[in-house]
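Biologist: I would like to learn how to read a model like this one. Shall we go feature by feature?

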Amino acid sequence: SVVFLEGYLIGLAMIVFIGPVFFTLLQSAFRFGKLSGIMVAIGIIVSDIVCVLIYYFGLNRIELPASSNYIIALTGAIILIGLGIKYLLQKPPNSEVSFASNLNLVSSFTKGFAVNFVNPFVFVVWAGIFVFAKESYSTQTEVQYHLIAVLAGILTTDLLKVLLADKIKPFLKPKILEKTTKFFGIVMIGFAFRLILYLYTL
């Protein structure tokens, strides 16, 4: 359906995220094999699922007045613009990630879960996705499909990073990382303006 497709494309767009999670995933695949990288990817997606459940069951139980939609959308837009500006101005992220030499599959899963879950930016992004879904779709079923589709898209990109790690490695250079980071900033600002346009329909 269109709802699932839009969510899946948003999940695929998460491939532009460049930070600790990105390099943890790739470095694990480089140094300990693709199976270890896959376990990191599974740890990441499980932590994302936990974030989704927190927002879905937490926010759905809160009765908010109709006027709060405007405040939520405006707050989301401001956050996205701030993040976008941050990514446009910041220096390229450090691609060096150290691992213990005896990293096993359980440790790989734990590493992926922990690095993703303790990152405040992940919660901010999921808050934006959740607000977007609630404001874009009229039924709970559509919101659920959208969130599941985003998760599916993220898992797809993470697995592709692992499977194509050897091909991605040559591109992890400062100039390329800087351009990619700036592109991500532009994408975030683009989402912010979409939310601002939504404000005029309230």
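Biologist: Which residues of α5 are buried?

Modeller: Keep in mind that this is a predicted model. The buried residues of α5 are Ser108, Gly112 and Asn116.

Biologist: How should I read that spacing?

Modeller: An α-helix has 3.6 residues a turn, so residues three or four places apart point the same way.

Biologist: What span should the 13 residues of helix α5 have?

Modeller: Take 1.5 Å a residue: residues 105-117 should then span 18 Å. The end C-alpha atoms of α5 are 18 Å apart, which agrees.

Biologist: How many helices and strands does the protein have?

Modeller: Nine helices and zero strands. Buried residues make up 41% of its 202 residues.

Biologist: Now the cores. What is the general idea?

Modeller: In soluble globular proteins, nonpolar side chains tend to be buried together. In this model, the largest nonpolar core has 22 residues. Met14, Trp126, Ile129, Val143, Leu147, Val150 and Ile154 touch the most other members.

Biologist: Which helices each supply at least two residues of this core?

Modeller: α1 (2-13), α3 (34-60), α6 (120-136) and α7 (140-163). The largest share, eight residues, comes from α6.

Biologist: Which residues is Leu147 in contact with, leaving aside neighbours within four places in sequence?

Modeller: Leu147 contacts Val52, Tyr56, Trp126, Ile129, Phe130 and Ala133.

Biologist: What share of the contacts with a separation of 6 or more joins residues 24 or more positions apart?

Modeller: That share is 88%.

Definitions and conventions:
Residues numbered from 1 in each chain as written. Predicted model: local features only at pLDDT ≥ 70, side-chain atom pairs only at ≥ 80, totals over all residues. Heavy atoms only, no water. Core = buried A, V, L, I, M, F, W, Y, C linked by side-chain atoms within 4.5 Å. Buried < 20%, exposed > 50% of the residue type's maximum accessible area, 1.4 Å probe, protein only. Helix = DSSP H or I, 4+ residues; strand = E, 2+ residues; numbered from the N terminus. Contact = heavy atoms within 4.5 Å. Expected span 1.5 Å × (residues − 1).
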